[in-house]
Amino acid sequence: GDWEHIIYEEDRITYPETFARANQLGNVLQSSYGISKGDKVSFSMRNYPEWMFCYMAITSIGGIVVPLNSWWQGDELEYGITNSESKLFIGDQERLDRLGDRCSDVAKISVRSNNPEHQEFDFYKVIEGASDKLENPVEILPEDDASIMYTSGSTGYPKGVVATHRSIIFAPYYWITLTTMGKAALGEAAPEADQQQIATLVSVPLFHVTGCHAIFLLSIPVARKTVLMYKWDPEVALDLIEREKISMFTGVPTMSYELVEAQKKNPRDISSLKDLTGGGAARPPEQVKEMKANMKDTNPGIGYGLTETNALAANNTGDVYLQKPDSTGFAVPKLIDLKIVDDDGNELPTGEIGEVCIRGACTFRCYWKNQEATDEVLDSEGWFRSGDIGLLDEDDFLYIKDRKKDIVIRGGENIACLEVEAAITEHPAVLEASVFGVPDERLGEKLATMVSYREDQNIDETELSSFLSEKLAKYKIPEFMWFQTEQLPRIASGKIAKKQMREEAIEKLGG
């Protein structure tokens, strides 16, 4: 109907308007840019309404969406566009400016740009006059590829995670099933279609599966209003919750905690808020109780999933979460299977710690152009080895204990230590570097590095940070740096003693 779909600052866009814009773009992609079934189209921008239009338009005509990390710098954006073999790139002013003259052979469309050079291919100029009904429908099958989302693992460049239409669609319908089952168990009736519209706040990047699947895509089948934020600010978020009658908030645990703290200092009428959920990183158990104590009308929740599983694996919410605050929850039986295995792939009994494996219709098809990496984590029976270390208790609740892979999770963003180490060692003064995470109360982890440099040269934190800013997104630049001319410490095998350095760094930082 005419319910509102997207709220962004002064823009209020209804569902029919969203579908009209997406259809216009879909028609133009086919007629003017020659995009056909199976072609890749990449895009990168802030959380603008146009991000959603792009995703819907491309998938609707059988194209494959490639949503690139909007924090990436020029070289990283070029990698994503080139590696995915995108025929077209859609970006806002900041992303297009970062890209510069790279990928000159790839067509571009600009979004909300004031740069005069971008006006000829402005989004609304491009779709002007196009039909708001899809003119050339394409047959799309469940197992057709739908998206390539890049994720940082333990190795250098981010890997492209290829998901099918089935695996993506499975995610929102899994959450709908979970919610419906929960309401039935409590004897609550399903909401009537003509009741007041529910609303959610979009505070996390849409290029992550949390923002894309749990918020954007889930909102469409449940006719939810989505309110976009320009930039995360807990005070602004609370104002929006009050004004737009937000009923559900999903963000990294840091955000929901900051929301609670801001509300304590400056209370608003946020009685509409019922669900306060998170994902992307662990939440300290004491925060769960504090959230419930300070926001009595809300249900705290946490979810665990990966890009490779389209954000699905386990969920924990409500009273059960308060009883088991250090668990990331359970998987709905018959829909998702979980098991814990040892290094040889043997299933471990209840309570024993090993690698978390996930199986379901939600799992990805492959890593783009990387069969070797695919075979390492995805077996013939559909089990995905997550790289996370955990256990299942007697109630089949999952507890994540550690990571097998050499990655740091900073505020929900995966950072491959190897990628950052490679960038640091490109500096002519650097001999070797080790990158690792140190605990941080707000972000979960922060990035730190120990650097060995040449005796005849000099380097400091300012110089290295400036050097890396040209190569890496800001969140990948270590916040703590130590420099020495001696070789970095080694373990018996000759490998760099990363664990030892991490422990020493935590001690230096007063941990």
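Biologist: Why is aspartate 393 called buried?
Modeller: Its relative accessibility is 7%, and buried means under 20% relative accessible area, exposed over 50% and partly exposed in between, with a 1.4 Å probe and protein chains only. Aspartate 393 therefore counts as buried. The model is predicted, so local features need pLDDT of at least 70 and side-chain atom pairs count only at pLDDT 80 or more, while totals for chains, interfaces and linings use all residues. Residues are numbered from 1 along each chain as its sequence is written, and side-chain values use heavy atoms, with hydrogens and water left out.

Biologist: Where does aspartate 393 lie?
Modeller: Aspartate 393 is in the loop between β18 (384–392) and β19 (398–403). Strands here are DSSP runs of E with at least two residues, and helices are runs of H or I with at least four, numbered from the N terminus.

Biologist: What makes the pairing of the side chains of aspartate 393 and tyrosine 399 a polar contact?
Modeller: The distance is 3.2 Å. A polar contact is a pair of N or O atoms within 3.5 Å; within protein, one must be able to donate a hydrogen and the other to accept it, and residues adjacent in sequence count only if both atoms are side-chain atoms. The pair of aspartate 393 and tyrosine 399 is therefore a polar contact. A polar atom of the aspartate 393 side chain also lies 2.8 Å from the backbone nitrogen of aspartate 395.

Biologist: Which residues is aspartate 393 in contact with, leaving aside neighbours within four places in sequence?
Modeller: They are Lys324, Thr350 and Tyr399, where contact means heavy atoms within 4.5 Å.

Biologist: How do you know that β18 and β19 pair?
Modeller: Two strands pair if DSSP finds at least two bridges between them. Five bridges join β18 to β19, so the two strands pair, and they run antiparallel. Glycine 390 stands opposite isoleucine 400 in β19. β18 and β19 form a hairpin with five residues between them, and aspartate 396 in the turn has a positive phi of about 65°.

Biologist: Why are glutamate 85 and lysine 245 called partly exposed?
Modeller: Glutamate 85 has 43% relative accessibility and therefore counts as partly exposed. Lysine 245, at 46%, counts as partly exposed too. Glutamate 85 is in the loop between α3 (74–83) and β5 (86–92), and its phi is near 60°, a positive value in a residue other than glycine. Lysine 245 is in the loop between α8 (234–244) and β11 (248–251); its phi, near 55°, is also positive.

Biologist: Why are α1 and α2 called oblique to each other?
Modeller: The axes of helix α1 (residues 15–31) and helix α2 (residues 49–60) cross at roughly 55° and come within 8 Å. Axes are lines fitted to C-alpha atoms, for helices over the stretch in contact, and angles run from 0 to 180 degrees between N-to-C directions. Angles under 35 degrees count as roughly parallel, over 145 as roughly antiparallel, 65 to 115 as roughly perpendicular and the rest as oblique. The two helices are therefore oblique. Their contact involves residues including Phe19, Ala22 and Leu25 of α1 and Phe53, Ala57 and Ile58 of α2.

Biologist: What makes β2 and β14 edge strands?
Modeller: They belong to an open sheet of eight strands in the order β2-β1-β10-β9-β11-β12-β13-β14, with mixed pairing. β2 (11–14) and β14 (313–317) each pair on one side only. Within this sheet, three bridges join strand β1 (residues 4–8) to strand β10 (residues 225–228), which run parallel, with isoleucine 7 opposite valine 227 in β10. α2 lies across β1, β2 and β10, at about 135° to β1.

Biologist: Why is α13 called largely enclosed by the rest of the structure?
Modeller: Six of its eight residues are buried, so α13 is largely enclosed. The buried residues are Cys417, Glu419, Val420, Glu421, Ala423 and Ile424.

Biologist: Which strands does α13 touch?
Modeller: The open sheet concerned has three strands in the order β22-β23-β24, with mixed pairing. Strand β23 (residues 444–453) is joined to β24 by five bridges, and these two run parallel. Helix α13 (residues 417–424) packs on this sheet and touches β22 and β23, its direction making about 140° with that of β22. Helix α15 (residues 498–508) lies across β22, β23 and β24, at about 60° to β22.
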